[in-house]
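Please open the model in a viewer and keep the selection panel at hand.

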Amino acid sequence: MKRIFFRNKILPYLLIAPQMVVTIIFFLWPAGEAVLQSFQREDAFGLHTTWVGLANYRALFQDPDYIHSLQVTVVFTIGVTAVALIVALLLALAVDRTIKAGPAYTTLLVWPYAVAPAVVGVLWWFLFNPTIGLMPYLLSLVGYHWNHALKGDDAMILVIISAAWPQVSYNFLFFVAGLQSIPGSMREAAAIDGAGPVKRFFTITLPLLSPTTFFLVVVNFVYAMFATFPVIDATTQGGPAGATNILVFKVYQDGFVGLNLGSSAAQSVVLLAIVIALTVIQFRFIERRVEY
Amino acid sequence: MAAITLEAVGKTYAGGVKAVHSIDLAIQDGEFVVLVGPSGCGKSTLLRMVAGLESVTEGKISIGDRMVNEVEPAERDIAMVFQNYALYPHMTVRQNLAYGLKNRKMAKAEISRRVDEAAQILEIGAFLDRKPRALSGGQRQRVAMGRAIVREPAAFLFDEPLSNLDAKLRVQMRGEIKQLQARLGTTSIYVTHDQLEAMTLAHRLVVLNGGQIEQVGTPLEVYRKPASTFVAAFIGSPAMNLLNAKAEGGVAHVGGGRVPLAAAVTGPVTLGLRPEDVRPADAGTEGAFVLKIAYVEELGAQKLVHGTVEGQNFACALPSDAALGQALHLVPEPGAAHGFDAQTGKRLG
């Protein structure tokens, strides 16, 4: 490990100060406030605050809406992660096999990541709009009547596609890098060892990609749980009837629309705990299983 | 086990680059053939064509009685040892060895019998349950060879298998490969750029240059009668001296001396003399030529004297106790001089 020593005792602290200030003001302070508020009950105008202990949490887990939101979040998170990883891996495998113009494809495939999340939502909302959208028209040709404003399953598919799309770009980049770090001779050795392309993929390529895959699973889980608010907001707004009301959107709905600050704070703390727990479990798993 | 036959085999890449030109080569059953040449001479391409990892654009490759041009690598009944070993890092040594057999749906009992036998031959029994990452370079090399021998293939293909090892280990593994091949009697093709490796391992050497065969022969044939100046300079260490000289009636004139050649040529000629094929002589000795000494390398058993003959670089190997001045008078050992055509570089006589 490289260590750098500063002669001036204050300089190093000054150098990290801007980042620390940003972290404290925009992350630690609000998070602390949320934890504090989750133990309080406050009226909608912020005039009275009462200390209520764990009442917010107790109420949460007895609320069928919240339990439903948890279930929706599980489906949504697994859906987004699975779609984003599988599509990205397929695209990466295709690019890895392409000798010519690989960089050009890569550039094109990375573009969606640069699109603002709200724009992504609006884009897919238009594509799937039951009245004017292209996709419902095409689906109607095969006899399916798409309407995500009425059908919960349609809405879930729409938000999963919208949320997964920009994430495909991100995963794709990592998969391409991962594939390129596998020596060609490994595949050749396996070919001589009598493994066909499919067998090679499952017994050689996929295991060698496992560090990349597990890293991406963690990142995608966190993304789907935390960072998908704009997509939901721009497409379904949690509807119909709460079918796409994932935890992070419910936090916003209850807190900023419903002004039930105590409950909203408790929800965000639970969400934070879930993500931390998942990440810890996954990193433990990575340490044990992925190394070779 | 099988013979391998190459008939007018060539390789032209999509861009029009010709890597291998019309190679004819018959490798007998059980023979150890080494393809040797500088980087870019097409030796690896040729090996990979035999393995089926590169397509054959011209000619025919046969293993045994079967033409294999369009046969998949897995179906060619060959095993290959790669330069970087290409061990599967997520599998134990045992799984690495068994992978190729499992893919061929061999019975479990037979797989474990073959793995144990290979482990015993290569003395890797103690590491069977380790992953490649926990092995040293030499051990990985053995595992890579183990993966080849469990298959009991018709032929082994080696692609510079020792070039990732340190010098000492390389010499040791070289000996082991030679003994292993002699013991198993499997037809082998071995690619290297190291002429010493080529000399020590081969039954027959194939010297390649620019995608073409310069010479085929046993190591001693190639050493004693190099077919061209390229082979002469490539095989043997230190390299053979090549001097531009004028010949008259089969005698080359250079550096004030006269060196008899095997062929009765007249005119410009390239004279080849190995550093160990000259000995010092007194001034005025019949036919002696003069070497102006530039510097000396002490090798212990002998010394290597570098200098110039008529302004052309020349080196000679002398006993370590030889006395040196500013210049040396040298005479070649009888019959040791090689003559090459000054234009084509081909051997004369």
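Predicted model: local features only at pLDDT ≥ 70, side-chain atom pairs only at ≥ 80, totals over all residues.

The stops that follow begin with chain A and then move along chain B.

**Chain A: annotated spans**

Select residues 12–31 of chain A. An unreviewed UniProt entry annotates this span as "transmembrane region", along with residues 70–95, 107–127, 155–180, 201–226 and 265–286 of chain A. Next, select residues 70–95 of chain A. This span is likewise 100% helix and 0% strand, and its end C-alpha atoms are 37 Å apart.

**Chain A: the contact of H2 and H3**

Select helix H2 (residues 55–62) and helix H3 (residues 64–97) of chain A. Their axes come within 5 Å and cross at roughly 70 degrees. H2(A) and H3(A) are therefore roughly perpendicular to each other. To see the contact, display the side chains of A:Leu60, A:Phe61 and A:Gln62 on H2(A), together with A:Pro64, A:Tyr66, A:Ile67 and A:Leu70 on H3(A). Which classes of residue make up this contact of H2(A) with H3(A)? The contact comprises six nonpolar residues, one polar residue and no charged residue.

**Chain B: the annotated domain**

Turn to chain B and select residues 4–235. The unreviewed UniProt entry labels this span "domain: ABC transporter". In the model, residues 4–235 of chain B are 37% helix and 25% strand, and the end C-alpha atoms of the span are 25 Å apart.

**Chain B: the hairpin of S1 and S2**

Select strand S1 (residues 4–12) and strand S2 (residues 18–27) of chain B. The two strands run antiparallel and are joined by six bridges; B:Leu6 has B:Leu25 in S2(B) as its bridge partner. S1(B) and S2(B) form a hairpin with five residues between the strands. In the turn, B:Gly16 has a positive phi of about 95 degrees.

**Chain B: B:Asp77**

Select B:Asp77, which is found in the loop between strand S5 (66–67) and strand S6 (78–81) of chain B. Phi of B:Asp77 is near 60 degrees, a positive value in a residue other than glycine.

**Chain B: the contact of H2 and H3**

Select helix H2 (residues 93–103) and helix H3 (residues 108–122) of chain B. The axes come within 10 Å and cross at roughly 135 degrees, which makes H2(B) oblique to H3(B). The crossing of H2(B) and H3(B) is right-handed. The contact of H2(B) with H3(B) consists of five nonpolar, no polar and four charged residues.

**Chain B: the hairpin of S9 and S10**

Select strand S9 (residues 204–209) and strand S10 (residues 212–217) of chain B. These strands are antiparallel and share five bridges, and B:Leu205 is paired with B:Gly217 in S10(B). S9(B) and S10(B) form a hairpin with two residues between them. B:Gly210, in the turn, has a positive phi of about 55 degrees.

**Chain B: a cis peptide bond**

Select B:Ser237 and B:Pro238. Is the peptide bond that joins B:Ser237 and B:Pro238 cis or trans? The bond is cis, with omega about -5 degrees. B:Pro238 lies in the loop between helix H8 (229–234) and strand S11 (241–248) of chain B.

**Chain B: a six-stranded sheet**

Select strands S13, S12, S11, S14, S20 and S21 of chain B, which form an open, antiparallel sheet in that order. Strand S13 (257–260) and strand S21 (347–348) of chain B each have a single partner strand, so one side of each is left without a neighbour in the sheet. Within the sheet, strand S14 (residues 267–273) and strand S20 (residues 338–341) of chain B pair over four bridges, with B:Val269 opposite B:Asp341 in S20(B).

**Chain B: a five-stranded sheet**

Finally, select strands S15, S19, S16, S17 and S18 of chain B; in this order they form an open sheet with antiparallel pairing. The edges are strand S15 (278–280) and strand S18 (312–319) of chain B. Neighbouring strands of this sheet are turned by 45 degrees against each other on average, direction ignored. Strand S17 (residues 302–309) of chain B is joined to S18(B) by eight bridges, and B:Gly307 has B:Phe314 as its bridge partner in S18(B).

Notes
Residues numbered from 1 in each chain as written. Chains lettered and ligands numbered in written order. Heavy atoms only, no water. Axes fitted to C-alpha atoms, helices over the stretch in contact; angles between N-to-C directions. Parallel < 35°, antiparallel > 145°, perpendicular 65-115°, else oblique. Left-handed = near helix turned anticlockwise from the far one by under 90°. Nonpolar A, V, L, I, M, F, W, Y, C, P; charged D, E, K, R; others polar. Pairing = 2+ DSSP bridges. UniProt positions renumbered as here; feature names shortened; annotations may be inferred. Contact = heavy atoms within 4.5 Å.
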